[in-house]
Amino acid sequence: MLLYIVILIATLVLVYILFVNFYPSFGGDVNPERQALYETSKQFGDGKFLNTKKEIPEAASFSKMLSISRKFFFEKVENGRPNDDLAIQKIDSTTITSFQKGTRLVWFGHSAFLLQMDGTTILIDPMLGKVPAPTNWMGANRFNIELPITIEQLPKIDAVVISHDHYDHLDYESIKKLKTKVEHFFVPLGVGVHLEAWDVDPNSITEMDWWQETSYKNIQLACTPAQHFSGRKFSNGQSTLWSSWVIKSNSTSLFFSGDSGYAPHFKAIGEKYGPFDFAMMECGQYNKMWPDIHMFPEETAQAGIDVKAKALMPIHWGGFKLALHSWTDPIERVSKKAATLNLPLVTPKIGEPILVDELPKPNSAWWKTL
């Protein structure tokens, strides 16, 4: 019996090694030469990237990992998914190419956006695949089976902005289809290794550290802090940086939180770059077992105040089931808290255009009718 157990374990280890080394969706690895470049970053130490609070995220014990896995796979969550696929509003390539003035966003669900700002077209965290996992059989499908527009129908994209390398934000299949349409990629330190592994031209990738700024065409970008973590397999955790982003034109100022626990960096960003006309703030996939890496909805609303947002849109919900709360819990709770803080909330349906000049519209409670 002991021999059989040893053989089984050895077989599983071998299968895992072969899987992660030959399946492309796992991306690349930071080599020693590249890591040496990152050692100059204030966020880098002990061979990995760190949060400002270096003890976050807490190293999970094997027993805690088993507990989380058991709850996630076997605990029934009431209203964990919509009863039916979410209806979406369609857009077409002509509508995109004809929009030249002002600022418009289209939400694809979860944290993915199409942003058009003063004639520049940008995709933010374009996870446009079915399942946020290395393969489709390792997870559940997104809530909306259709997208507002398919990748194949998209016109030329000027830039892609990525917050970190987790599967629900950086998707191999999406990048594979997008790379010939995209002129430039802006990513936190290290994330470029995945893009390069997927045959994106290194000359079209700009890696940035926290508080670094750059300009692209008529848009200003700042890579700003977040409190999270990274990694696409067991062996490369915290090898790449995670971030939020400030995106500005001459007339409009936007903030995209990426994934983050609630922390003082929001106030620091607000002081340096605020006020913001519009903030897209993480609000979903939280749990008391990981309170430091994802915000609870009440914290999301307060973070909107901290960054000095004139209007806030909750994101990181309405796309996938990645935690143990109901699918509407994030939007219901953040709506209540935002009301007490007199913070205007933007709540579009997937695909419904968001025009910055018309904020806080759209703001219907569409999820209550489902």
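In these exercises a residue is called buried when its relative accessible area is under 20%, and the structure they examine is a predicted model.

**Exercise 1. Identify the buried residues of helix H8 and state which elements they pack against.**

Step 1. Helix H8 covers residues 297–306, and its buried residues are Pro297, Thr300, Ala301, Ala303, Gly304 and Asp306.
Step 2. An α-helix has 3.6 residues a turn, so residues three or four places apart point the same way.

**Exercise 2. Work out the strand order of the open sheet of 7 strands, and describe how E5 and E6 pair.**

Step 1. The order in this open sheet is E8-E7-E6-E5-E4-E3-E15, and the pairing is mixed.
Step 2. Strand E8 (205–208) and strand E15 (354–355) are the edge strands, since each of them pairs on one side only.
Step 3. Strands of a sheet pair through backbone hydrogen bonds, either parallel or antiparallel.
Step 4. For strand E5 (residues 120–124) and strand E6 (residues 157–161) the sense is parallel, over 3 bridges, and isoleucine 122 stands opposite alanine 159 in E6.

**Exercise 3. Decide whether serine 163 is buried or exposed, and describe its surroundings.**

Step 1. Serine 163 belongs to the loop that runs between E6 and helix H5 (172–178).
Step 2. Because its relative accessible area is 0%, serine 163 is buried.
Step 3. The side chain of serine 163 makes a polar contact of 2.7 Å with the side chain of aspartate 125, and another, of 2.9 Å, with that of histidine 164.
Step 4. Beyond the neighbours within four places in sequence, serine 163 is in contact with several residues, among them Asp125, His169, Trp242, Trp245 and Phe256.

**Exercise 4. Classify proline 132 by accessibility, and find what it touches.**

Step 1. Proline 132 is placed in the loop between E5 and E6.
Step 2. Its relative accessibility is 18%, so proline 132 counts as buried under the 20% limit.
Step 3. With residues up to four places away in sequence left out, proline 132 touches Met127, Ala140, Tyr167, Asp168, Phe320 and Leu322.
Step 4. Arginine 104, by comparison, is 28 residues from proline 132 in sequence and 26 Å from it in space, C-alpha to C-alpha.

Technical notes
Residues are numbered from 1 along each chain as its sequence is written. This is a predicted model: local features need pLDDT of at least 70, side-chain atom pairs count only at pLDDT 80 or more; totals for chains, interfaces and linings use all residues. Side-chain values use heavy atoms; hydrogens and water are left out. Two strands pair if DSSP finds at least two bridges between them. Helices (H or I, at least four residues) and strands (E, at least two) are DSSP runs, numbered from the N terminus. Buried means under 20% relative accessible area, exposed over 50%, partly exposed in between (1.4 Å probe, protein chains only). A polar contact is a pair of N or O atoms within 3.5 Å; within protein, one must be able to donate a hydrogen and the other to accept it, and residues adjacent in sequence count only if both atoms are side-chain atoms. Contact means heavy atoms within 4.5 Å.
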